[in-house]
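Subject: Structure for your review

Dear colleague,

Please find below the structure I am handing over to you. My findings follow it.

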Amino acid sequence: MDDPAAFPADPNGSEPDMRHLTKPSGKGFTLRLTAPEVLVGTENPWTGNPFGREIKLGLNTRSHAEAVRLRDTKLRQIRQLEADALANRGNKSVGRIIDLTPENAAEWRPMREEAKDPDSIDHVLTDELERAGRAGKAREVQTFAGIVFRGAVPLQKALEEYLHDHSAGKAFSRFEL
């Protein structure tokens, strides 16, 4: 059944309709396509994880006709998710560059450290940071990345901690000169 000649032909041509479908030898069909840019980093409703650069969904069928039907259904759902994300563009971190404030970076750091697979979060974050860098926000990207990936402390927060530690009655500080 893995022979392409065994699949029904596309009505417009002589080849079978295999757009966005893959079928490993002896296994069921899989939907595989590049994720729309606006969906990268948003929640995938089928897995509960954030979308990466590629969408890959098992269709749980070995029948070509059923796979084509399921593919078309999933593609409609993905297009609807894309339309919803574009409509919600004004909301925080949906369809636009993430918030690059030090406060937001301080929220991302523990999320990254507590994740089961920090590499997947790093992948999404680095993509977003590269996009922000191309948009002309290189300085904010550098600060954000320093806080999230290296645990850097923003200067304003370090100053506040220093002044608090050196106020009257404090015997020692973590900021020794």
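A residue counts as buried when its relative accessible area is under 20%, as exposed when that area is over 50%, and as partly exposed in between. Please bear in mind that this is a predicted model.

Lysine 23 has a relative accessibility of 19% and therefore counts as buried. In the chain, lysine 23 belongs to the loop that joins strand S1 (21–22) to strand S2 (30–34). A polar atom of the lysine 23 side chain lies 3.2 Å from the backbone oxygen of lysine 27.

Helix H2 (residues 102–114) packs against helix H4 (residues 138–150) at an angle of about 25°, and their axes are 8 Å apart. Because angles under 35 degrees count as roughly parallel, H2 is roughly parallel to H4. The crossing of H2 past H4 is right-handed. On the H2 side, the contact is made by Pro102, Asn104, Ala105, Ala106, Trp108, Arg109 and Arg112; H4 contributes Phe144, Ile147, Val148, Phe149 and Arg150. Sorted by class, the residues of this contact are 8 nonpolar, 1 polar and 3 charged.

The last point concerns aspartate 99, which is located in the loop between helix H1 (64–87) and H2. Its relative accessible area is 26%, so aspartate 99 is partly exposed. Aspartate 99 and valine 141 are separated by 42 residues in sequence, while their C-alpha atoms are 10.0 Å apart in space.

Yours sincerely

Technical notes:
Residues numbered from 1 in each chain as written. Predicted model: local features only at pLDDT ≥ 70, side-chain atom pairs only at ≥ 80, totals over all residues. Heavy atoms only, no water. Helix = DSSP H or I, 4+ residues; strand = E, 2+ residues; numbered from the N terminus. Buried < 20%, exposed > 50% of the residue type's maximum accessible area, 1.4 Å probe, protein only. Polar contact = N/O pair within 3.5 Å; in protein donor to acceptor, adjacent residues only side chain to side chain. Axes fitted to C-alpha atoms, helices over the stretch in contact; angles between N-to-C directions. Parallel < 35°, antiparallel > 145°, perpendicular 65-115°, else oblique. Left-handed = near helix turned anticlockwise from the far one by under 90°. Contact = heavy atoms within 4.5 Å. Nonpolar A, V, L, I, M, F, W, Y, C, P; charged D, E, K, R; others polar.
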